Amino acid sequence: MQPLQLLGIGAILLWSCGILVDGATECPKRPYRVVCYLASWSNYREGSGSFNVSYIVPDHCTHLVYTFAGLNIGGGIDSLDYYNDVNVNKGYSKVVALKEENPCLKVLLAIGGWNEGSEKYSLLAERESTREAFADQTLRYLVHYGFDGLDVDWEYPTMRGGLPEDRENFLLLIQTLRSRFARRKKLLTAAISASKQILQAGYDLPKLCEELDFINLMTYDYSSEVKATLDAPLYGDSSTGETIDSTITYISKSGCPMEKFSLGITTHAKTYTVVPARLMAPGIKAVGPGAPGPYTRSAGSLGYNEVCEMLMPNSTAPSQWVVKSMAQNAVKYAYRDDQWITFDGIETIGTKVKYAMDKKLGGIMFWTIDTDDFQGDCHNEAYPLLQTALRISAVTTTQAPIESTTPNLANAYEQQVLVVKGNPSEEKLNEEIRKAIRALLGPGQSDEVQIRELKNEEELRRFAPGARPIGVKLVP
């Protein structure tokens, strides 16, 4: 048998076509999981910040989490935006359809989030009857829309209108869901705070670890509102005295297996408006949130795609951004005039991924992929932050495997195969590929598809950010 040949198909059309698969759907053993959250509202953003499900490369993530569903007045799971999720934009069906391109991808639906609050979840969890009804209805909902599981994002038990009993009731809710999901083999995960105070008050970690498939740690949002401080420092002092390392140290003493946890990495920057001073180091007084960006339009926060564009040199600007990288803390900050931002870049994310693997965590979690530089405008590749994590984890896991799941990109792409018999010439091979594409797309679109031989996945990313390859296997 001759070796596999990778072909890059032009990004514009490849996104819309179903890749030909050779029928082998057994998923390879992956040593590290990569959990990708998608903000469903990101398609409402304007210009280059508008995100579409078709931009997702299904092979990059082991788990894709669609956010957010919520609770309706009857205490059942429900869409928070029927126009976007179900009726018109069909977000649910589009994310689930990504499994056709990567059958090994697990697609989960998240319920909760900051805007949903806490009190309604406290009410849901306090009675056995409402817990049981919720578990039954949720399972039907997941099955109806084709999701592989549920991610519970109650922010946070015992807080924001909750009760002290929430700690026990949250565990009971998770146990009820696990019992109901087990026979259908639905995944059950949770996203939890990284704050020691909230961890102690809201979560019975040892028992939760017994019930949940894995737990996503929100190891960011350590910053203050009154001072311009680092948002996700790995080490060193933060406004709360907490860091990623202090959270992981606390978690390690909980009795939970460390592979249960995914280290949270954010593609969002925390921003402040400050009074300009001679010294603009962390700790400077903040007078308010930073100016909103052109895409996310949220004061106090920017997406990395907004940050990287903003930091590009601009000879016409009256002043330039000053960027500082704090190697010890594995975080960056930048300032210009009265604007001060703290964020992660390629270098700091690489450090954090290595840290997660050194600590034997089971994976990493990205909040959110739609604010990475998915267009590839800043670093000549799409999703530079996610791609950095994938490269680091791929190199490290060959040296020190960790039990859990992460993409083996070569294996993932080898599953997408068109089988061609014999030993055809290049012209004949291209003709066979054209036939397959024409059968799939029709003669009009197929003539616009480009066929190029590429050496590796990185070359494909440079040629067509967001495109996916197919393989051609030559058999006698």
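Tutor: With salt bridges: a side-chain nitrogen of Lys or Arg within 4 Å of a carboxyl oxygen of Asp or Glu. Side chains of opposite charge can pair when their charged atoms come close. One caution: this is a predicted model, where local features need pLDDT of at least 70, side-chain atom pairs count only at pLDDT 80 or more, and totals for chains, interfaces and linings use all residues. Residues are numbered from 1 along each chain as its sequence is written, and side-chain values use heavy atoms, leaving out hydrogens and water.

Student: How many salt bridges does the structure hold?

Tutor: Ten. In one of them, Asp 148 meets Lys 99, N to O at 3.0 Å. Asp 148 is in the loop between helix 5 (128-145) and strand 6 (149-153), and Lys 99 is in the loop between helix 3 (91-97) and strand 5 (106-112), 49 residues apart. Helices (H or I, at least four residues) and strands (E, at least two) are DSSP runs, numbered from the N terminus.

Student: Are Asp 148 and Lys 99 buried or exposed?

Tutor: Both are buried. Buried means under 20% relative accessible area, exposed over 50%, and partly exposed in between, with a 1.4 Å probe and protein chains only. Contrast Glu 46 and Arg 297, whose closest N and O atoms are 3.0 Å apart in a salt bridge. Glu 46, at 46%, is partly exposed; Arg 297, at 54%, is exposed.

Student: What describes a pair of aromatic rings?

Tutor: The distance of the centres and the angle of the planes. Rings of Phe, Tyr and Trp (its six-membered ring) pair if their centres lie within 6.5 Å; planes under 30 degrees apart are stacked, over 60 edge-to-face, the rest tilted. The whole structure has 19 aromatic pairs. Tyr 272 and Trp 340 have ring centres 6.0 Å apart and planes at 65°, so they are edge-to-face. Tyr 272 is in strand 11 (residues 268-274) and Trp 340 in strand 16 (residues 339-343), so the pair ties together parts 68 residues apart in sequence. Tyr 272 is buried at 1%, and Trp 340 is buried at 0%. Tyr 333 and Tyr 335 are stacked, 6.3 Å centre to centre with 20° between the planes.

Student: Which residues form a cluster through ring pairs?

Tutor: Tyr 66, Tyr 92, Tyr 141, Tyr 145 and Phe 147.
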